[in-house]
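Here are my notes for a first look at this model. Have the structure open while you go through the points.

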Amino acid sequence: MAAPPGAGEGRPPLEIRGLVKEYVPGTPVLRGIDLEVGAEGITAVIGPSGTGKSTLLRCINRLVEPTRGEIRLRGEELTRLSGRALRLARRRIGMVFQEYNLVERLSVMENLLCGRLGYVPLWRAWLRRYPAEDIERAFALLDAVGLPDYATQRADALSGGQRQRVGIARALMQRPELLLADEPTSSLDPKTAVEVLELLARLTEEAGVPVVLNIHNVELARRFARRIVGLSQGAIVFDGPPEALETAHLRAIYGGEDWL
Amino acid sequence: MTGLTTATGGADAAARGATGPAARSGPVRPLLREWSRFTPRQRLARWLVWLGVVAAVAWAVRSIDIIPEFLADAPAQMADLLVRMWPPDLGHYYPQVHTALVETLHIATLGTLLAFALAVPVALLAARNICRVAPLNWLAQLVLVASRSVNSLVWALIFVAVFGPGATAGVFAIAFRSIGFVGKLLAEALEEVAPGPVEAVRATGAGWGATMLKAVWPQVQPAFWGIALFRWDINVRESAVLGLVGAGGIGVVLNDAIDFFQWDRVATVLLAILGVVLVAEVLVNRIRARLI
């Protein structure tokens, strides 16, 4: 069941309690994550590769099934949803991927409209008869991400930075209440990475959408996030503002210190 | 994990050096390492495979009972046949051969369409990334293998028994033979779909149908049309022989001509088939080049 309008007012956008994920029974990847994400700003999740950052994000929109624990989106429990209720919950959560995950052979416009697939009936998507306001919004978002002339270009004709801009626009097409970004800049050069993160930060702030951002680059995390969560071996070992993140914490998160 | 590995990496290597194969390359022994492409066990296996191939060929030649006299006068027989075929009776082409030829094309086209209608659902069930129920995957694979294991002439015999002689039997024979081919290739194309875009579309809250339509279909589309053209091309050739068992098309005319020893007419029919196959080939290649 979708929460009735206004039901989640005042509840935090995201509450995670005791989240455990075991791909192989007995070897948890996430060992009891407790995390509450506030109404605005970017929460960066940092940590070494393989520590469960992607799994954490994918548990939230159930691309990966959590083993135990609770995940609440504005108070609505997500872990037990299925079928239509799950789809209705997913459309409230936008997601941006490391490899962009655009549909290569579709035009930029169609990729953006994919963000509306949770809302429009199948026949409209089939016949490409999307509601006028969706198309209007898609053009507005293309302007906002700096690709106003690219609507009819095929996605595979774009550069990496352009693709990720389309990826962000697609997620925002959903008018999400929460945005999950899984290493959105790891495949981009340093300059483009900063530009894309600036765009992500600006647009989500304008739309008032809180972001959970998985990111490798600690410097970028410090620069763009209001809050940093350090994950190590499936558990949270640091949680605080960027200013509070010190060498000792990084040592605890990543281990060793030769690299520091 | 990464941090731990860096910290203990040196110790790990040392531990391996003491016990594992790395010990041989230690500083005590001089470096004299051999390399060969295959292990002795692999060499033996390869030798056995070759032995098996030679044995199979020898067995096959011994068992097919080649009659030397027939083999010896085969060139003479062939030449005789060609002389009887020349010149082809081109006057025979219209209307009899022509009508049959058009019917053949209709059988191939309708048969291909019917095959796709039947094969698409089976392919969806057979693709393990689309249908996650293993028994259904197996069942679909079984259907596909069964379809391919029966030759189109045998399918034609079965459907002539069901529908009576004529083009209907031909259409169904072509369709049932094609299901296996089309279904297998389509299932493979579906399994090769990049999971990323599918995941992304699913994450937007799209249902199964919308995900298939917007994330899977665009990715299999080139393969789909390629398979359709390729199979139609094959079916044009296959439907040319279906008439031999009474399932309509140009094969009926061919069979009649052979039965009455009208070799000049046989030549006309064979030329007509060659022409159609050539045109189909050129056509298919052109369309495919545009499509992909």
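This is a predicted model: local features need pLDDT of at least 70, side-chain atom pairs count only at pLDDT 80 or more; totals for chains, interfaces and linings use all residues.

**Notes on chain B**

1. Let's start with residues 156-176 of chain B: this stretch is 86% helix and 0% strand, yet its end C-alpha atoms are 9 Å apart. Helices here are DSSP runs of H or I with at least four residues, strands are runs of E with at least two, and both are numbered from the N terminus.

2. Now look at residues 105-126 of chain B, where the chain is 100% helix and 0% strand and the end C-alpha atoms are 30 Å apart.

3. Residues are numbered from 1 along each chain as its sequence is written, and chains are lettered from A in the order in which they are written.

4. Overall, chain B has twelve helices and zero strands. Of its 292 residues, 32% are buried (20 or more other C-beta atoms within 10 Å of the residue's own, with C-beta atoms placed from the backbone).

5. What touches chain A? In chain B, 25 residues are in contact with 31 residues of chain A, contact meaning C-beta atoms, placed from the backbone, within 7 Å. Helices H1 (2-19), H9 (195-203) and H10 (208-242) of chain B each supply at least two residues of that side, and H10(B) gives the most, with eight.

Notes: Two residues are in contact if their C-beta atoms, placed from the backbone, lie within 7 Å. A residue is buried if 20 or more other C-beta atoms lie within 10 Å of its own, exposed if 12 or fewer, and partly exposed in between; C-beta atoms are placed from the backbone.
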